[in-house]
Amino acid sequence: MSSSTKEHERLSIIAPPLDFSFKCLAVMSDIADEEPREGMRKLKSKDGKAVTRALKLNNNSLGELIGLEDVTERLLEEPDNLLWIDLSFNDLAIIDPVLTKFTQLKMLYLHGNNINQLIEVEKLAKLPNLKVLTLHGNPIENEKGYRCV
């Protein structure tokens, strides 16, 4: 691995998340009309894509994730290397299989949604690196043993 590749990888790990929280997004295609929230200085690649491994889509009105893969391809330098996605406080009732395409995911925040079936959570078993999953504030937390899946 070249020194520039190592430096790029190091920077993407410590880069701030690409933040589309509190943007009133109802569907993924709404991101096309939005700029990420201001905050810490964003790192960009030569072609203008965000160099980060974290994506914040929390506190919106997303009811589905159709188009998430296209959005990450368009916005992120290395979408396959996402480590953290925050989808908390949306209107998700199902866990879209598109999330399993991000096989490097270590953290997935889904708290404060409308997930109410254990079978939805079982879809995430395909994520070998997932270490942190938040589900509190979903109807599923009323099911006995939901934390043991």
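Guide: Welcome! A helix here is a DSSP run of H or I with at least four residues, and a strand is a run of E with at least two, numbered from the N terminus. By that rule, this predicted model has three helices and five strands.

Visitor: What pattern do they follow along the sequence?

Guide: Reading along the protein gives α-β-β-α-β-β-α-β.

Visitor: What makes the strands a sheet, and in what order do they lie?

Guide: Two strands pair if DSSP finds at least two bridges between them. Strand β4, residues 107–109, is joined to β5 by three bridges, so these two meet the cut-off of at least two. One example is Leu108, whose bridge partner in β5 is Leu133. The five strands form an open sheet in the order β1-β2-β3-β4-β5, with parallel pairing.

Visitor: Why are β1 and β5 called edge strands?

Guide: Each of them pairs on one side only. You can find β1 at residues 18–19 and β5 at 132–134. Even β1 qualifies as a strand, because a run of E needs at least two residues and β1 covers 18–19.

Visitor: How much of the protein is buried?

Guide: Of the 149 residues, 42% are buried, which means that their relative accessible area is under 20%. The accessible surface of the protein comes to about 8400 Å², and carbon and sulfur atoms hold 51% of it.

Visitor: Which residues lie closest to the centre of the second largest pocket, and what is its volume?

Guide: The second largest pocket has a volume of about 150 Å³. Among its 13 lining residues, Phe20, Pro36, Lys44, Arg74 and Leu75 are the closest to its centre. The lining as a whole divides into seven nonpolar, one polar and five charged residues. Lys44 and Arg74 are in that lining, and both count as charged because Lys and Arg are in the charged class.

Terms used: Residues are numbered from 1 along each chain as its sequence is written. This is a predicted model: local features need pLDDT of at least 70, side-chain atom pairs count only at pLDDT 80 or more; totals for chains, interfaces and linings use all residues. Side-chain values use heavy atoms; hydrogens and water are left out. Buried means under 20% relative accessible area, exposed over 50%, partly exposed in between (1.4 Å probe, protein chains only). Accessible areas come from the Shrake-Rupley method with a 1.4 Å probe; for residues, only the protein chains shown count as cover. On a 1 Å grid over the protein atoms alone, a cavity is a set of points where a 1.4 Å probe fits but cannot get out, and a pocket is an open set with protein on both sides within 12 Å along at least five of seven lines; lining residues have an atom within 4 Å of a point. Grid points are joined across faces, edges and corners, and a volume is the space filled by probe spheres set on the points.
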